[in-house]
Amino acid sequence: MNPLAQYAEGLERQARLRGLDYYPVDFEIAPQSLMTEIAVYGLPVRMPHWSFGVRYIHQLVRQSMGNSKIFEVMFPGDPCRAFLMDSNSLAENALVTAHVLGHADFAKNNQLFARFHEMSGGNIVEQAAAHALRIQRAINEVGVERVEAVLDAALALESHVDVSGELHRQRYPEFVAERKRIDKGAFHKRFSSLPGESEPQEAPTGQLRTAIPPHPEYDLLWFIAHYAPDLEPWERDIFLMVRAESLYFYPVFACQIMNEGWASYWHARLLREADFLPQPTYLEALKAHSDVVRPFAAGEQTALAVNPYHLGFTIWERIVERDGLARALEVRRDEDDFGFIRNWLDRELAEESGLLVYEESGDGEIRVASRDLAAVREAILAPKFNYGAPRVAALAVAADGSLDLAHDHAADGRGLDAARAREVLGYMRRIWRRAVRLQTADERGDKIELAA
Amino acid sequence: MTIRIAAETPWYELFSRGARDWLRHNQKVRSAVRESLPELLSGDDVISKPTNRTVLVPVKVLEHARLRLLEPASQQGAGQGKGEAGDVLRRAREEGPDANAGGTANGELRFVLEMKIDEIVDWLWEELKLPDLQPKRAETMEQPDYEREGWDKRGARSRLDRRRTMKEAVKRRAVQENSASIINEDLRFRQLVKRPTPSTKAVVIFALDVSGSMDEGQRRVAKQFFFFALQGLRRQYAKVEVAFIAHAAEAWEFEESQFFQASSSGGTVSSCAFELAAELLRGRYDAGRYNQYLFYASDGENAAEDRARSASALRTLGETVNYAGYVETGGVATFRPRDTQLTELFREMQAQGLPVGMSALGSQDDVWRALREFFGSRQDEPARAVR
């Protein structure tokens, strides 16, 4: 029997003993080339698009500079699918196997993961491959330019989905029962109360068509798929495929610190308790562990980023130590990164880890801006709000079919990068096939309207 | 829990989706580059080595745009390490000429695309659609040629068409029984007819004013224009011959290598160049066999007393050549109260319906507009006059 399979069995026994609970995990040892692609595409087999080619080159450049090694990738599901790099040593693979068990437990029990698992059915790897096949068929049928135009728009709006909504969401109800009475105001009330004045009887309006959209709609992928005036079925299909994949990625995005920390906690603990591991293997694995969870690169004193492995690992260790494993299991069930950082990152931990907020000015100078706990928490969470995207909603479809969008620049604190926004509007226009307008603010905070 | 090893799924190594999408990206870059051709080739280095058949075009990696917030004046982020509020973690960038050498700060990737000049010129000419570069009409050409046309039952043995003959024999034997395999009636000979064909040869005369008023920059722009005009003509004709004339107060014919070095401090007498060109065309490049093109570059300041002589020399040329083009260097940049003498002359010829055109060349950027004006669809857009 392969020694890794043997260790895996032992690690699994330990994990069950400690109360980890997960769907079966299907491990696969994959070559560098596949691992690189998984890192680039986010899934082992995914739709073709030129922007992935750009990321692929960036990834190759990073790898050639030696600062990006991928040990493993795991896709939650039933079964979970884990890919281990074939150049990992046996010790590294033992560590990575334990790490994956931590992820698998997290993916089954965390409420956010569980909800998305329920909606999408736990076989996204297969679904994504099927999506890729369908898109390839569309390319064969209508040509690469037309499919690319749809993907340009859909992938650009990838993060603009309603993460609290359903995967399979109904269209708006076709009709509203009746028009709401308009509040007539104080003057009117007093006037009609005058003697001799009676309220004119309004004819009942009966059923009315719903305004599209009836409320600002933030799920742009869904909205375009269902309400774009002349969308072809295969185009809608592509929008919904991109949306399904995007929803699948959300829990991973929103729980990154917790999830990586949880997996790191468990690989450390399972290896420590694995008496079947030979001592040299354990030491080598320990070395790999400390490389993964250290806050700075070797020889550095500061880092302008927070290592989610280190931060998550530190917080989890503290929770287990102070509140016990049972409480930790509850936290991993209930929180996402927002709750995890705000509820469990305390002053003591922040100081021990040397967390800080830095500020980079236009000339490239970087200063420590603050060590205040609230500021640190918000700086860590800032890139995670709204799936990392500006808040943009569809407001209305005009009589000529053109689309009005609005950016909530008050909530986001500033306007949109106009050049990029115009480009995205250009992508959308090709799919919407009518004018598309977007309200946002410029550098001075004045309202502007961009159009394509 | 099962552990599979990659050897069980060897197809992973067989193809690369990443490489496939990168190639698609490069295709898009190429077509984007294609849309900005003029800027691409207007650099100095493109012409300076005519033997170098490719250009290296630095391009940026395309960005798939997403909605993003404006870059704030100062960027905040979370980090880890020592230091108190206000401590400097990284000092401001040194401002200097080399500040951005080797890529930009945000890690933007640049790469170099190698493109064949021929390919670019092809694209360019595709875009320009070139309606004017037609060979002269056949009846004006005295270059008869023999062409095959039809078959006959009699003819010289050397023109026997064996395949055709065999076909005839097969057809005949299909209706005649027990006949000989081939008889005289089956023989078919190719016939030739004499027919004038349009000449595929062309001659281009590049005439350049090298008088004292033409500075280095003006001559370089003229040279670029000549280069691309020549590339275009080469696409159209099987054989293009080129002659170079430089003039100041006198005109000389030059070899290409010396042509652009030539300079003179003398005054400008354009007529001598036109007369020399006419002489060359008459003597060496007979209008019956050659499509003739003349391109003349000058700053337009001709000696006042030479006007009449230039006009008549030009008219003689205008009547024989397929096309004569005049580019006036420095024309866009400098303010001139009125048209220069040469512009007036060419405009008069144009008014008479002679095949001439003119354009102003202020800088390298104008080269493409000028080419478009000369070779482009002049039907819908008359050549812009020199100011």
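In the predicted model, an open sheet of five strands is built in the order β6(A)-β3(B)-β7(A)-β8(A)-β4(B), and its pairing is antiparallel. The edges of this sheet are taken by β6 (302–303) of chain A and β4 of chain B, each of which has a single partner strand, so that one side of each is left without a neighbour in the sheet. Strands of a sheet pair, in general, through backbone hydrogen bonds, in either a parallel or an antiparallel manner.

The contact between the two chains takes 76 residues from chain A and 50 residues from chain B. On the side of chain B that touches chain A, the elements giving two or more residues are β1 (2–4), α1 (17–35), β3 (75–81) and β4 (88–90) of chain B. Of these elements, α1(B) provides the largest share, with eight residues. The class composition of the side of chain B that touches chain A is 20 nonpolar, 14 polar and 16 charged residues.

A second open sheet lies in chain B, where six strands follow the order β10-β9-β8-β11-β12-β13 and the pairing is mixed. Its edge strands are β10 (251–254) and β13 (356–361) of chain B, each pairing on one side only, and the twist from one strand to the next averages 20°. Strand β9 of chain B, residues 239–247, is joined to β10(B) by four bridges, and these two strands run antiparallel. B:Phe244 has B:Phe254 as its bridge partner in β10(B).

Two helices of chain B lie across strands of this sheet. Helix α10 of chain B (residues 341–351) lies across β11 (291–298), β12 (323–329) and β13 of chain B, and runs at about 150° to β13(B). Helix α11 of chain B (residues 366–375), in turn, lies across β12 and β13 of chain B, running at about 170° to β13(B).

In chain A, helix α4 (residues 90–109) packs with helix α11 (residues 256–272) at an angle of about 130°, and the axes of the two helices are 7 Å apart. At this angle α4(A) and α11(A) are therefore oblique to each other, and α4(A) passes α11(A) in a right-handed crossing. The residues that make the contact include A:Ala94, A:Leu95, A:Ala98 and A:Phe106 of α4(A), together with A:Trp262, A:Tyr265, A:Trp266 and A:Leu270 of α11(A). By class, the contact of α4(A) with α11(A) has eleven nonpolar and six polar residues, and no charged residues.

Helix α11(A) also packs with helix α12 of chain A (residues 279–292), here at an angle of about 160° and with the axes 11 Å apart. This angle makes α11(A) roughly antiparallel to α12(A), and the crossing of α11(A) and α12(A) is left-handed. The contact is made by A:Ser264, A:His267, A:Ala268 and A:Leu271 of α11(A) and by A:Tyr282, A:Ala285, A:His289 and A:Val292 of α12(A). By class, this contact has five nonpolar and three polar residues, with no charged residues.

A further pair of strands in chain A is formed by β9 (residues 392–397) and β10 (residues 403–407), which pair in the antiparallel sense over five bridges. In this pairing A:Val392 stands opposite A:His407 of β10(A). The hairpin of β9(A) and β10(A) has five residues between the strands, and in this hairpin A:Gly401 takes a positive phi near 90°.

With regard to domains, chain A is divided into domain 1, which comprises 124–163, 215–252 and 390–451, and domain 2, which comprises 293–387. The centres of domain 1 and domain 2 of chain A, taken over C-alpha atoms, are separated by 32 Å.

Notes: Residues numbered from 1 in each chain as written. Chains lettered and ligands numbered in written order. Predicted model: local features only at pLDDT ≥ 70, side-chain atom pairs only at ≥ 80, totals over all residues. Pairing = 2+ DSSP bridges. Axes fitted to C-alpha atoms, helices over the stretch in contact; angles between N-to-C directions. Contact = placed C-beta atoms within 7 Å. Parallel < 35°, antiparallel > 145°, perpendicular 65-115°, else oblique. Left-handed = near helix turned anticlockwise from the far one by under 90°. Nonpolar A, V, L, I, M, F, W, Y, C, P; charged D, E, K, R; others polar. Domains from an automatic or database assignment.
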